[in-house]
Amino acid sequence: MIAELGLALLWIAAALACLSLVAGTLYLRGGQKELAALVRPASVAQGVLTAIAFALLIACFVRSDMSVELVARNSNSLKPMLFKVAGTWGNHEGSMLLWLTILGISGALVAIFERRLREDTLIATLAAQAALGLGFFAFLIFSSNPFKRLAVAPPDGQGLNPLLQDPGLAFHPPTLYFGYVGLSVAFSFAVGALITREIGPAFARAMRPWVLGSWIFLTLGITAGSYWAYYELGWGGWWFWDPVENVSLIPWLAGAALLHSVAVTATRNALRAWTVMLAVIGFSMSMVGTFIVRSGLLTSVHSFAVDPERGTFLLALMAIYIGGALTLFALRAGTVAEGKKFALLSREGSLVINNLLLTTILALVLLGTLYPIVAEAMGEKISVGPPYYNKVAGPLALILCLVMVAGPLLAWRKDDGRKLRSRLPLAALAGTVVLVALVIFGGKVGILPLLGMSVAGIVAVASLAPLWGRNLLRTPLPTWGMVIAHFGVAVCLAGMGAESAFIKERLVAAAPGETVRVGDFEVLFKGVKPVAGPNYTAIEGTLIATSGGASHVLKPESRMFPGLMGTAPTETNEAALLTRPGGQLYVVLGQPVVGVDGADRYQLRLWWKPLVWWIWLGGALIALGAGLSMLGRAQLLALWRARRARKAEQRFAP
């Protein structure tokens with residue numbers, strides 16, 4: 001009954017999306033007010049019904065309703081409750097319903113709260129959002145029905161992929177989807193503004209919180225996903241340049257460029273064409289990523305490799321949405337003026353350079369991701385790995401960081417460079433000191449990590465420059481947000497450089513009682529014991545890591561998940577981490593082996609990773625800074641509205 005009700009609600013929500021699209025289109029063509037009055041409530045109802053349908057799918061997983069095919073394929077009764085719920089979106093159909101739910105709720109929020117746009121622009125925006133929703137409703141209902149019933153319910157299900165049975169992965173996909181869908185709202189705003197030719201500060205102010213919010217969620221999602229891959233997959237790295245990792249990074253780069261561009265349009269009425277184009281590119285990159293992950297073109301632990309027919313459906317949607325938006329932009333390009341002029345040496349000029357660098361990096365990462373897929377389709381097997389990305393994107397990223405620190409010190413429209421000359425020398429000195437110290441005391445350090453840590457020193461000091469001479473208690477939240485986010489970039493960059501330059505690794509086959517040295521740690525392997533989890537068995541190792549007179553117990557595990565309903569058993573590694581101020585000790589327990597002396601031994605892989613946790617600390621600081629900026633903008637908006645209300649009262653006072 002629950003599954004049938006969920007599917008019925010999806011059909012009704014799809015009908016409401018169709019109503020929003022048709023009523024909005026007819027209103028824009030004829031101006032009938034009664035049609036415009038239908039769009040807002042239809043958008044709200046669509047979001048509510050889709051959310052209820054998703055809640056019903058969660059209920060099917062919580063109840064372990066094996067008569068629903070999706071539950072039988074991705075859950076079982078033995079799973080902990082957290083992973084039963086996470087199993088709802090740990091698959092193709094459920095994750096697409098989550099995507100559609102967030103899309104519907106976003107449209108409902110725009111319909112309820114947006115009051116800054118002209119009515120025709122708002123109706124055009126909601127119609128564009130409905131058009132997006134309608135395509136995904138069709139994809140879900142006709143090609144990926146999450147409520148499909150089985151003729152005969154199995155006694156139990158196959159269970160979720162053991163690699164995904166982790167608290168981090170329970171929250172990682174929804175966070176990314178919030179980011180992707182936020183970019184879809186920005187896309188709808190851009191399409192709506194193009195249709196009504198209202199491209200100016202009001203349009204940008206309406207779009208900005210959605211761009212900022214989506215970028216915050218993308219930052220958190222990518223940071224959490226990186227950390228999950230680091231500790232769960234057992235390979236010890238924090239970024240593999242996996243195609244699925246790349247397709248989450250690409251929208252983040254587009255969102256970062258859009259975030260800066262929309263701020264200029266909102267405050268200075270400039271970069272209008274940039275803002276519209278980047279809004280289209282940001283959502284386009286989300287669609288490209290969705291197609292790559294779900295088309296079956298690649299195999300990845302994070303991907304949903306489904307049949308090519310679904311990939312063809314997504315490709316058609318991508319062609320309609322992206323092609324339609326680009327065609328509309330081309331038709332309206334002549335009417336999209338760039339707004340107020342500015343000099344190259346200005347804050348706007350630095351943001352243009354910033355956006356050019358971001359879009360260049362985006363293009364290079366996209367090329368490295370798509371080229372092997374295209375080459376394989378043509379019969380040639382090609383691998384594009386970290387060396388390519390490090391060589392082409394790494395230097396540009398460092399230049400981007402240097403441009404980033406100069407921008408906040410420049411005035412709008414035109415600048416004489418006085419602040420740059422007075423405040424950047426200290427930052428340059430900090431970078432020079434780091435560079436010299438690394439050359440003298442760092443030993444053999446690669447050129448990219450060397451430059452990365454030096455630039456991190458420059459960015460760390462320069463990011464604080466906007467606070468110099470200010471009353472810190474009176475400094476606006478958006479300024480604090482910018483400072484913290486830019487400082488987070490420095491922290492992240494320092495962590496990447498230090499880990500790459502000074503990592504220590506040991507791979508040994510150790511018997512109980514043997515000691516291994518890695519970095520400054522003496523690690524004693526005490527032995528192993530069997531343990532049982534809620535839905536797995538494991539061999540747990542015990543190691544004592546000693547450094548500086550302090551000892552710490554580490555317990556890595558090698559887990560075995562039983563095969564369910566005809567599936568093969570799956571083995572995973574649970575790394576043990578010891579976090580210290582200077583870095584992390586990372587230990588993985590491998591397979592048992594017999595040594596040359598005939599003793600039973602276990603493979604141990606140990607890393608000492610200097611400052612590696614700074615990478616995720618930096619990501620958290622970037623998200624925090626963006627969040628403070630968003631909160632500060634909301635405060636400024638409230639003050640502006642209160643000021644307008646007071647002026648109105650004074651105007652009409654007797």
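Predicted model: local features only at pLDDT ≥ 70, side-chain atom pairs only at ≥ 80, totals over all residues.

**Helix pair.** I started with H5 (residues 92-113) and H6 (residues 119-143), which pack with their axes 10 Å apart and at an angle of about 165 degrees. Angles over 145 degrees count as roughly antiparallel, so that is what H5 is to H6. I also checked the handedness, and the crossing of H5 and H6 is left-handed.

Next I listed who meets whom. On the H5 side I found, among others, Met96, Trp99, Leu100, Leu103 and Gly107. Their partners in H6 include Leu126, Gln129, Gly133, Phe136 and Phe137. I sorted the residues of this H5 and H6 contact by type and got 14 nonpolar, 5 polar and 1 charged.

**Cores.** Which residues touch the most other members of the largest nonpolar core? I got Leu10, Phe136, Phe189, Phe203, Met207, Leu258 and Met287, in a core of 141 residues. Phe136 was already in my notes, as one of the H6 residues that meet H5.

I followed up on Met207. Leaving out residues up to four places away in sequence, Met207 touches Ala186, Phe189, Ala190, Leu258, Val262, Thr275 and Ala279.

**Ser64.** I found Ser64 in the loop between helix H2 (33-62) and helix H3 (69-74). Is Ser64 buried or exposed? It is buried, because its relative accessible area is 16% and the cut-off is under 20%. Again skipping residues up to four places away in sequence, I have Ser64 touching Val71, Asn76, Ser77 and Lys84.

Notes:
Residues numbered from 1 in each chain as written. Heavy atoms only, no water. Axes fitted to C-alpha atoms, helices over the stretch in contact; angles between N-to-C directions. Helix = DSSP H or I, 4+ residues; strand = E, 2+ residues; numbered from the N terminus. Parallel < 35°, antiparallel > 145°, perpendicular 65-115°, else oblique. Left-handed = near helix turned anticlockwise from the far one by under 90°. Contact = heavy atoms within 4.5 Å. Nonpolar A, V, L, I, M, F, W, Y, C, P; charged D, E, K, R; others polar. Core = buried A, V, L, I, M, F, W, Y, C linked by side-chain atoms within 4.5 Å. Buried < 20%, exposed > 50% of the residue type's maximum accessible area, 1.4 Å probe, protein only.
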